[in-house]
Amino acid sequence: QVQLVESGGGLVQPGGSLRLSCAASGSIYELYDMGWYRQAPGKERELVAVFDHGGYRDYAESVKGRSTISRDNAKNTVYLDINRLQPEDTAVYYCNLKERTSWGTFDYWGRGTQVTVSS
């Protein structure tokens with residue numbers, strides 16, 4: 001089993017920045033993607049950014065140009081830096097790990113960390 005623990009959420013003023021961290025532990029297959037999703041009240045969960053096992057990174061249009069996803073494979077940790085935060089960035093942010101094995105793809109989720117952007 002894989003466990004994911006997020007940290008770094010909180011209350012941020014508009015225009016501010018934050019860094020989210022997610023540490024994975026447990027039995028992790030060699031090939032895996034790590035990413036961040038978010039879910040605002042009354043909305044569906046959406047992809048924010050992903051860093052796949054090959055080094056490819058992708059971002060949602062809403063955060064492109066003001067966010068950076070990075071990962072430390074030695075620590076099985078992924079980070080998300082977001083700048084110029086706006087109230088519409090308010091959501092619960094979830095870490096995702098996607099194992100890509102020869103017998104299937106498996107998703108694991110953290111419990112989420114609340115990010116609130118407000119003055």
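The legends below describe close-up views of a predicted model.

Residues are numbered from 1 along each chain as its sequence is written. Local features need pLDDT of at least 70, side-chain atom pairs count only at pLDDT 80 or more, and totals for chains, interfaces and linings use all residues, while side-chain values use heavy atoms, with hydrogens and water left out.

**View 1. Confidence along the protein chain.** The mean pLDDT (the predictor's confidence in each residue, from 0 to 100) is 95, and 100% of the residues score at least 70. Among the elements, the lowest mean, 93, belongs to strand 10 (residues 104–109), and the highest, 98, to strand 11 (residues 113–117). Strands are DSSP runs of E with at least two residues, numbered from the N terminus.

View 2

**View 3. Strand 7 beside strand 8.** The two strands run antiparallel and are joined by six bridges, strand 8 covering residues 77–82. Ile 69 has Leu 80 of strand 8 as its bridge partner.

View 4. Ser 67 counts as buried because its relative accessibility is 8%, the cut-off being under 20% relative accessible area (1.4 Å probe, protein chains only). Its side chain reaches the backbone oxygen of Val 63 at 3.0 Å. Leaving out residues up to four places away in sequence, Ser 67 touches (heavy atoms within 4.5 Å) Tyr 59, Leu 80, Asp 81 and Ile 82.

Methods:
Helix = DSSP H or I, 4+ residues; strand = E, 2+ residues; numbered from the N terminus. Pairing = 2+ DSSP bridges. Buried < 20%, exposed > 50% of the residue type's maximum accessible area, 1.4 Å probe, protein only. Polar contact = N/O pair within 3.5 Å; in protein donor to acceptor, adjacent residues only side chain to side chain.
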